[in-house]
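Let's take a walk through this structure together. Have a look at it first, and then we'll go through a few spots inside.

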Amino acid sequence: MPSRTGAGSGRSLPEFGLLLLVIFVLLEGSLLPLGVASSTSKSCEEGKQGHTKRHNFTKKAFPVLGVDYGHIKNPFEISLWVLLACLMKLGFHLIPRLSSIVPESCLLIVVGLLVGGLIKLAREEVPPVLDSKFFFLYLLPPIILDAGYFLPIRPFMENLGTILMFAVIGTLWNAFFIGGLLYGICQISNSDLTAIGILPCLLFGSIISAVDPVAVLAVFEEIHINELLHILVFGESLLNDAVTVVLYHLFEEFSVDGSVTVLDGILGVISFFVVALGGVLFGAMYGFLAALTSRFTSHTRVIEPLFAFLYSYMAYLSAEVFHLSGIMALIACGAVMRPYIEANISHKSHTTIKYFLKMLSSVSETLIFIFLGVATVDGRHSWNWIFVTMSVVLCLVARVIGVVGLTFIINKFRIVKLTTKDQFIIAYGGLRGAIAFSLGFLLDEDHFLMRDMFLTAIITVIFFTVFVQGMTIKPLVELLAVKKKQEAKRSINEEIHTQFLDHLLTGIEDICGHYGHHHWKDKL
């Protein structure tokens with residue numbers, strides 16, 4: 001008995017110390033600007049007076065010392081946010097009971113809500129931490145690059161048709177189903193909702209219809225689902241970006257213009273192919289450049305990892321310049337350059353790329369969920385029971401109908417059929433996240449008077465999917481006895497036989513003149 005007591009107190013001591021450290025970080029970030037604001041302004045005024053009236057200059061007792069918080073404000077606050085994210089992640093894994101019940105993403109959103117409340121109480125103004133530009137340019141790329149670089153190519157290519165069906169047809173179905181029914185509900189309700197037209201409702205449907213890769217990655221990595229279901233849901237969340245981008249920009253422009261023609265619809269279909277294939281083209285181009293550059297780095301091993309990161313980020317930015325799919329560009333770049341880079345760079349550089357990518361994506365994911373909670377506290381909300389409730393219900397209904405209907409068609413062409421359990425997990429794993437919130441935040445308030453109500457509904461849907469579905473999916477997976485991921489690596493014998501069968505089937509397809517997925521996988 002004494003030994004157990006000693007062990008319990010030993011565990012509680014570092015947890016208590018970590019809690020004190022977190023409180024210190026929060027107080028330092030919240031109260032320091034208040035304490036230095038007056039002194040900073042006074043020093044600035046003294047500087048101006050001393051510059052214009054040098055004859056009134058008085059020598060300071062300590063000329064070296066001074067307070068200039070404005071000089072280091074931005075890097076200091078960014079460092080505090082990153083430190084807070086790391087401490088939260090560390091504290092989460094120090095409590096194993098909590099981590100086995102509640103997903104990490106849920107706790108991080110709760111922390112964001114608490115931090116936002118504390119900052120608002122301390123300084124009466126929450127900084128715009130979840131700015132859409134900051135999110136899309138700095139936080140999202142590391143997560144997508146990590147997913148694209150370590151994407152399992154074999155299962156992805158084998159299930160590419162199924163993934164595209166869910167990503168393209170499924171997202172289109174969700175957008176038009178949610179937007180169309182919401183418009184009908186708004187028209188029959190005796191409230192201010194009757195002023196909302198069909199185009200703004202379709203715009204809202206396009207924002208909320210897409211599955212979020214950050215939320216899916218955060219939840220599915222914790223439940224250790226089997227590889228097939230993971231690649232189907234996560235692959236859908238990655239590839240539906242092109243559909244979301246096209247629908248968002250189309251309905252945003254149509255809503256402002258107020259009219260839609262047949263030519264606009266045809267151009268919209270063409271835009272989808274341009275956005276998707278253009279992003280893939282940019283990513284493949286930069287991936288080949290990274291592969292080519294890695295051939296000449298044998299004498300400068302230190303900068304080898306830097307080329308992988310820079311070429312990937314340049315692919316993302318180049319795609320965003322032309323409003324193409326930056327996510328598709330990152331996935332294509334990571335998938336194209338990985339086999340060539342790993343063959344050319346040293347083992348130490350490969351290890352650096354691996355762990356630096358994992359570190360960046362983990363910190364970015366943590367910051368996104370914390371910022372989502374903080375932005376919820378700061379944002380202006382317009383609550384409408386009918387609109388918000390029906391948004392949640394229609395998201396669930398559209399997801400279930402879409403998955404069941406598409407699976408009925410897909411199973412006619414699949415060798416390995418998707419079972420009822422698989423369909424349930426795919427439908428239940430359609431989580432929404434910060435991408436939907438950022439797209440809603442980008443709406444112009446002058447053209448969309450219902451923007452605040454849209455954001456409130458989006459946040460409600462995100463919280464419902466992350467908290468309710470994210471917390472219950474792990475018990476449901478265990479209750480339904482869904483096959484888990486096998487952690488053991490394949491032996492050399494299995495690898496040799498797998499490669500032999502792949503080449504054998506490719507040769508048989510070439511002889512028969514039937515170009516199946518083995519042929520295209522071999523070519524790619």
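A residue counts as buried when its relative accessible area is under 20%, exposed when it is over 50%, and partly exposed in between (1.4 Å probe, protein chains only). What you see is a predicted model, so local features need pLDDT of at least 70 and side-chain atom pairs count only at pLDDT 80 or more, while totals for chains, interfaces and linings use all residues. Residues are numbered from 1 along each chain as its sequence is written, and side-chain values use heavy atoms, with hydrogens and water left out.

Start with the cysteines. C201 is buried because its relative accessible area is 1%, and C333 is buried too, at 0%. A disulfide is a pair of cysteine sulfur atoms within 2.5 Å. Searching the whole structure turns up zero of them. For C201, the nearest cysteine sulfur belongs to C186 and sits 4.4 Å away.

Next, find N174 in helix α7, residues 160-188 (helices are DSSP runs of H or I, at least four residues, numbered from the N terminus). With a relative accessible area of 3%, N174 is buried. Leaving aside residues up to four places away in sequence, N174 touches S209, A398, R399 and R432, where contact means heavy atoms within 4.5 Å.

Conventions: Helix = DSSP H or I, 4+ residues; strand = E, 2+ residues; numbered from the N terminus.
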